[in-house]
Amino acid sequence: MEELDLKELFNIFWNKKVQIILIVLIFIVMGVIYTVGFTTPMYSSSTTLVLASSSNNQTTANTITATDITVNSKLVSTYSELVKSKNVLRQVISNLNIEVNESSLRNNVKVSSVKDTELIEITVTNENPTYASKIANEIAKVFTEKVKEIYNIDNVQVVDEAEISNTPSNINHKKDVVIFAFIGLVAAAGYVLIANMLDTTVKTAEEVEKEFKLPVLASIPIYDAEPQKVKGRGGRK
């Protein structure tokens with residue numbers, strides 16, 4: 001494919017503007033149909049936990065030392081893994097008496113720690129928004145109990161309980177439209193470039209001069225007019 005300057009490239013795309021718009025619109029419609037008809041809505045609920053001081057001494061019960069903060073910060077990553085452990089998840093499934101696969105539940109549980117803080121956020125995603133909030137709160141409850149059993153300390157407190165969300169977390173129509181419109185634009189650009197590469201016809205005199213390095217002396221225009229019918233004698237055609 002010969003090199004094209006910006007002006008020629010612009011003209012190529014401009015001449016195909018109708019096709020480009022149609023391709024983009026088709027991709028947008030496909031994106032909307034996919035998200036509305038083929039994407040299962042998933043709902044997410046989150047609960048937040050904080051690692052607090054755990055002193056049984058009355059004189060220091062209300063005092064958080066630097067050592068407490070350091071220890072708690074180091075435990076954040078450990079606790080994050082403990083939340084998704086088999087021990088915790090199996091107990092949650094048993095307590096709620098729900099029919100869900102353990103590995104499936106683990107995949108739908110996200111644990112994240114807020115940077116430079118002692119906060120842990122547990123997010124559960126489920127097709128049922130009520131189940132999502134119940135599972136998240138139950139995980140927080142079971143996890144707190146497991147920490148007491150394993151570490152013999154009580155330094156995990158619930159800050160915010162999970163609430164029912166009525167908005168799907170995996171569906172964003174505006175975002176989907178933008179994404180599919182961009183994909184359509186890329187596809188349209190590819191179509192125009194390939195069509196231009198395969199088109200070997202000569203459309204202008206400038207193309208002839210550029211291809212053969214010879215000046216065009218004259219050109220014959222093409223008329224699409226119907227030839228006049230000659231009437232014969234006696235009014236016959």
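Student: What is the bridge partner of Ser 113 in E3?

Tutor: The partner is Ile 120. This is a predicted model, with local features taken at pLDDT of at least 70, side-chain atom pairs only at pLDDT 80 or more, and totals for chains, interfaces and linings over all residues. Residues are numbered from 1 along each chain as its sequence is written, and side-chain values use heavy atoms, without hydrogens and water.

Student: What makes E2 and E3 a pair of strands?

Tutor: Strands pair when DSSP finds at least two bridges between them. E2 (residues 109–113) and E3 (residues 119–126) have five bridges, in the antiparallel sense, so they pair by that rule. Val 109 has Val 124 of E3 as its bridge partner. Strands are DSSP runs of E, at least two residues, and helices runs of H or I, at least four, numbered from the N terminus.

Student: How many residues lie between E2 and E3 in the hairpin?

Tutor: Five, and Asp 116 in the turn has a positive phi of about 60°.

Student: How do you know that E1 pairs with E3?

Tutor: E1 (residues 43–51) and E3 are joined by eight bridges in the antiparallel sense. Ser 46, for one, is bridged to Thr 123 of E3.

Student: Why are H4 and H6 called oblique?

Tutor: The axes, lines fitted to C-alpha atoms over the stretch in contact, cross at roughly 125° and come within 9 Å, for H4 (residues 86–96) and H6 (residues 129–151). Under 35 degrees is roughly parallel, over 145 roughly antiparallel, 65 to 115 roughly perpendicular, and the rest oblique. H4 and H6 are therefore oblique. The contact (heavy atoms within 4.5 Å) includes Val 88 and Leu 89 of H4 and Ile 139 and Phe 143 of H6.

Student: Why is the pair of Phe 10 and Trp 14 called stacked?

Tutor: Rings of Phe, Tyr and Trp (its six-membered ring) pair with centres within 6.5 Å; planes under 30 degrees apart are stacked, over 60 edge-to-face, the rest tilted. Phe 10 and Trp 14 are 6.2 Å centre to centre with 15° between the planes, so the pair counts as stacked. Both lie in H1 (residues 6–15), four residues apart, about one turn of the helix. By this rule there are two aromatic pairs.

Technical notes
Axes fitted to C-alpha atoms, helices over the stretch in contact; angles between N-to-C directions.
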